[in-house]
Amino acid sequence: MTNYIFEKDSNQRFSFDIQRTIILSKYMNEWRQPEFRKILRTPNKSAIEIYYFPSADIHRFSTVGLSNIIRKNGDVIDSEWMLAIYEKNIDIDRIFSYISDLIAHFIENCIGNLTPRVLGESKLAPNHWTAKGILIDELRGESEELEEIEIGDRKIHVNWIAPLSGAEVQFILVHGIEEFDKRVDHSDQSIIDPTRIRNLID
């Protein structure tokens with residue numbers, strides 16, 4: 001027995017393990033088992049885990065740990081992200097890279113956590129996408145169980161990340177999200193298709 005020793009642990013690591021267990025179990029209840037995971041480390045070594053949940057026609061990428069990140073101004077992000085996209089020949093590694101770049105930009109350059117929020121077109125998006133901006137908003141089209149996850153005395157929101165074209169970003173900035181939603185409801189294009197051939201507002 002002398003060769004068996006306790007590994008040193010920390011309250012921070014223990015707390016993160018509990019958080020991961022709770023959030024990931026919520027994800028898995030809805031989308032089954034993830035197929036891949038990437039771990040993004042911030043400059044101060046905080047971990048943001050990104051999980052890939054495949055299905056027949058929708059690819060979901062969801063975070064665990066983004067809600068723990070504290071910006072330089074002291075703001076706690078307090079939310080996780082979920083990107084759902086419809087794309088037949090998906091390059092999973094490319095999407096992981098794109099989400100990581102978006103997260104880094106969001107942490108370093110955005111102020112506050114209010115939604116809805118739009119970010120303009122970016123060269124970080126895959127080249128073949130026609131929708132290279134993003135919408136950050138309350139979760140839609142998913143179970144209500146995922147909208148707000150309680151961990152102890154914390155309530156963590158899961159925000160929806162949707163691809164937008166430049167024209168759609170400008171439409172929201174001018175006309176607001178409610179008017180945009182009306183256009184989406186009447187469009188024959190899907191908001192989760194980043195390669196759509198027409199704008200949702202046309």
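D78 sits in the loop between β3 and β4. In this predicted model, the phi angle of D78 is near 60 degrees, a positive value in a residue other than glycine. D78 is partly exposed, with a relative accessibility of 32%.

A positive phi also occurs at R32, where the angle is near 70 degrees and the residue is again other than glycine. R32 belongs to the loop between α1 and β1. With a relative accessible area of 71%, R32 is exposed, because exposed means over 50%.

The loop between α1 and β1 also holds Q33. Q33 counts as exposed, at 62% relative accessibility. Apart from neighbours within four places in sequence, Q33 is in contact with M28, F53 and P54. The C-alpha atoms of Q33 and P54 are 8.7 Å apart, while 21 residues separate the two in sequence.

One further backbone feature is the peptide bond from T115 to P116, which is cis, with omega near 0 degrees. P116 is in the loop between α2 and β5.

**Helix α2**

Helix α2 covers residues 92-109.

The buried residues of α2 are I92, I95, F96, Y98, I99, S100, L102, I103, F106 and I107. Strands are among the elements that cover these buried residues, including β1 (36-41), β2 (47-53) and β3 (59-64). The cover also includes β4 (79-85), β5 (117-119) and β6 (133-138).

I92 lies in α2. Is I92 buried or exposed? I92 counts as buried, at 19% relative accessibility, because the cut-off for buried is under 20%. Leaving aside neighbours within four places in sequence, the contacts of I92 are F36, Y52 and F61. I92 and H59 are 33 residues apart in sequence, and their C-alpha atoms lie 9.1 Å apart in space. F96 is itself one of the buried residues of α2.

**Aromatic pairs**

A pair of aromatic rings is described by the distance of the centres and the angle of the planes. Over the whole structure, a search finds eight aromatic pairs. Two of them are set out in the table.

| Pair | Centre to centre | Angle between planes | Geometry |
|---|---|---|---|
| Y27 and F53 | 5.9 Å | 85 degrees | edge-to-face |
| Y98 and W129 | 5.3 Å | 80 degrees | edge-to-face |

Y27 is in helix α1 (residues 11-31) and F53 is in strand β2, so this pair ties together parts that are 26 residues apart in sequence. Y27 is buried, with a relative accessible area of 0%. F53 is buried as well, with a relative accessible area of 1%. F53 is also one of the residues in contact with Q33, although Q33 counts as exposed.

Which parts of the structure does the pair of Y98 and W129 tie together? Y98 lies in helix α2 and W129 in the loop between β5 and β6, so the parts joined are 31 residues apart in sequence. The planes of the two rings stand at 80 degrees, and the pair is edge-to-face because that class takes angles over 60 degrees. Y98 has a relative accessible area of 2% and is buried. W129 counts as buried too, at 3% relative accessibility.

**Helices α3 and α4**

Helix α3 (residues 166-175) packs with helix α4 (residues 177-185) at an angle of about 135 degrees, and their axes are 7 Å apart. That angle makes α3 oblique to α4, because only angles over 145 degrees count as roughly antiparallel and 65 to 115 as roughly perpendicular. On the α3 side the contact is made by E168, F171, I172 and H175. On the α4 side the contact residues are I177, E179, F180 and R183. How many residues of this contact are nonpolar, polar and charged? The contact of α3 with α4 has four nonpolar residues, one polar residue and three charged residues.

Technical notes. Residues are numbered from 1 along each chain as its sequence is written. This is a predicted model: local features need pLDDT of at least 70, side-chain atom pairs count only at pLDDT 80 or more; totals for chains, interfaces and linings use all residues. Side-chain values use heavy atoms; hydrogens and water are left out. Helices (H or I, at least four residues) and strands (E, at least two) are DSSP runs, numbered from the N terminus. The expected span of a helix is 1.5 Å times one less than its number of residues. Buried means under 20% relative accessible area, exposed over 50%, partly exposed in between (1.4 Å probe, protein chains only). Contact means heavy atoms within 4.5 Å. Axes are lines fitted to C-alpha atoms, for helices over the stretch in contact, and angles run from 0 to 180 degrees between N-to-C directions. Angles under 35 degrees count as roughly parallel, over 145 as roughly antiparallel, 65 to 115 as roughly perpendicular and the rest as oblique. Ala, Val, Leu, Ile, Met, Phe, Trp, Tyr, Cys and Pro count as nonpolar, Asp, Glu, Lys and Arg as charged, and the others, Gly among them, as polar. Rings of Phe, Tyr and Trp (its six-membered ring) pair if their centres lie within 6.5 Å; planes under 30 degrees apart count as stacked, over 60 as edge-to-face and the rest as tilted.
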